[in-house]
Amino acid sequence: MIWRCRDVTYDFADRPLVMGIVNVTPDSFSDGGRYLDPGAAVARCLELLGEGADLVDLGGESTRPGSVDVPADEQWRRLEPVLRGLRAARPDTVVSVDTRSPEVARRALATGAQIVNDVSALSDPAMGEVVAGARAGLVLMHMRGTPATMQRDTAYDDVSAEVTEFLRIRIARARAAGVAHESIALDPGIGFGKSTAGSLELLARLPELVALDRPVLVGVSRKSFLARLTGDDGPPQDRVAASLAAASIAVFEGAHILRVHDVAATVRVARIAAAARRARRTIA
Ligand code: HH2
């Protein structure tokens with residue numbers, strides 16, 4: 001299995017990738033307001049890389065439940081100085097840009113980003129052409145509706161089958177726009193229009209998504225379903241242990257990429273879970 005992202009190719013031979021999250025937003029659910037200053041955002045990226053992140057995911061728009069769309073110009077106003085600052089400080093950094101906007105993606109790719117993380121999975125058809133034109137990596141994520149509406153209806157007949165079928169169709173959309181099969185990664189969208197039970201079921205049935213034969217990215221870091229399970233009512237920063245437990249399960253069930261806030265701990269957890277997964281394969 002390989003994932004081609006412009007001039008970078010990942011092969012996932014020995015361990016999953018750890019993608020460090022930096023949200024350049026005033027309102028993200030966990031780190032909102034902390035990295036709005038470009039210098040602070042670049043410093044956070046360097047910190048996460050120092051902790052062992054393989055790549056960083058930069059976002060200029062929160063997609064937490066109930067959030068409202070941020071215009072492309074405003075997203076880019078937030079992201080541009082961070083992308084440029086990071087390139088100056090660490091030119092070899094692999095950058096993913098978390099955006100649903102083809103215009104933001106186009107500008108980010110022109111400024112050196114390698115991956116577009118589109119939580120709407122090409123809802124705007126222009127996105128496919130932008131990604132294809134740059135031969136960039138593409139993350140297709142399942143979401144029901146939009147961030148503003150997605151938690152209104154979280155009931156599914158069969159959540160895993162529906163997510164897998166949705167992503168199969170979006171792979172075809174990406175391919176039709178010219179995106180190479182080897183550049184596509186998939187994400188079940190934990191917490192995006194999912195109940196707690198639905199999020200757990202998606203983790204437990206991750207092998208169904210892995211069977212589509214593309215790298216699978218999982219984002220459980222500090223999400224609220226974890227707090228509902230542990231009964232903690234503290235801030236998202238208190239959900240680190242719960243996040244690590246969920247990340248470990250994701251890797252054991254076949255995840256290739258973990259999108260996380262807490263990089264140093266996740267890198268270690270991912271190594272153990274990946275080793276256990278390999279051991280199981282050896283037995284089977
Ligand atoms: N989760 C969030 C944002 N982007 N992208 C992918 N591919 N998968 C995810 O699970 C995912 C994502 C939400 O987390 P965060 O970025 O921390 O918060 P916010 O959306 O409030 O900025």
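**Exercise 1. Which way do Val-95, Val-97, Ser-96 and Asp-98 point from S5, and are they buried or exposed?**

Solution. Val-95 and Val-97 point one way from S5. Ser-96 and Asp-98 point the other way. All are buried, that is, under 20% relative accessible area with a 1.4 Å probe and protein chains only. In a regular strand the side chains alternate between the two faces of the sheet.

Conventions: this is a predicted model, where local features need pLDDT of at least 70, side-chain atom pairs count only at pLDDT 80 or more, and totals for chains, interfaces and linings use all residues. Residues are numbered from 1 along each chain as its sequence is written, and side-chain values use heavy atoms, with hydrogens and water left out.

**Exercise 2. Find the partners of S5 and the bridges that join them.**

Solution. Start with S4 (55-59). S4 and S5 (95-98) are parallel, with 4 bridges. Strands are DSSP runs (E, at least two residues), helices H or I runs of at least four, both numbered from the N terminus. Pairing requires at least two DSSP bridges. Leu-58 has Val-97 as its bridge partner in S5.

Next, take S6 (residues 115-118). S5 and S6 also run parallel, joined by 3 bridges. Here Asp-98 has Asn-117 as its bridge partner.

**Exercise 3. Which helices complete β-α-β units with S5, and of what hand?**

Solution. H2 sits between S4 and S5 in a right-handed unit. The hand means that, with the strands pointing away from the viewer, the path from the first strand over the helix to the second runs clockwise.

**Exercise 4. Write the strand order of the sheet and locate its edges.**

Solution. The 8 strands form an open sheet, ordered S8-S7-S6-S5-S4-S3-S10-S9, with parallel pairing. S8 (184-187) and S9 (217-218) each have a single partner strand, so one side of each lacks a neighbour in the sheet. For S9 the partner is S10 (residues 257-260), over 2 bridges in the parallel sense. Val-218 stands opposite Leu-258 in S10.

**Exercise 5. Which residues touch the most other members of the largest nonpolar core?**

Solution. A nonpolar core is a set of buried Ala, Val, Leu, Ile, Met, Phe, Trp, Tyr and Cys residues joined through side-chain atoms within 4.5 Å. The largest has 70 residues. Leu-58, Val-116, Leu-138, Leu-140, Leu-186 and Val-218 touch the most other members. Helix H5 (residues 159-176) gives the largest share, 6 residues. Another core, of 14 residues, lies apart and includes Trp-3 and Phe-12.

Notes:
Contact means heavy atoms within 4.5 Å. Axes are lines fitted to C-alpha atoms, for helices over the stretch in contact, and angles run from 0 to 180 degrees between N-to-C directions. Buried means under 20% relative accessible area, exposed over 50%, partly exposed in between (1.4 Å probe, protein chains only).
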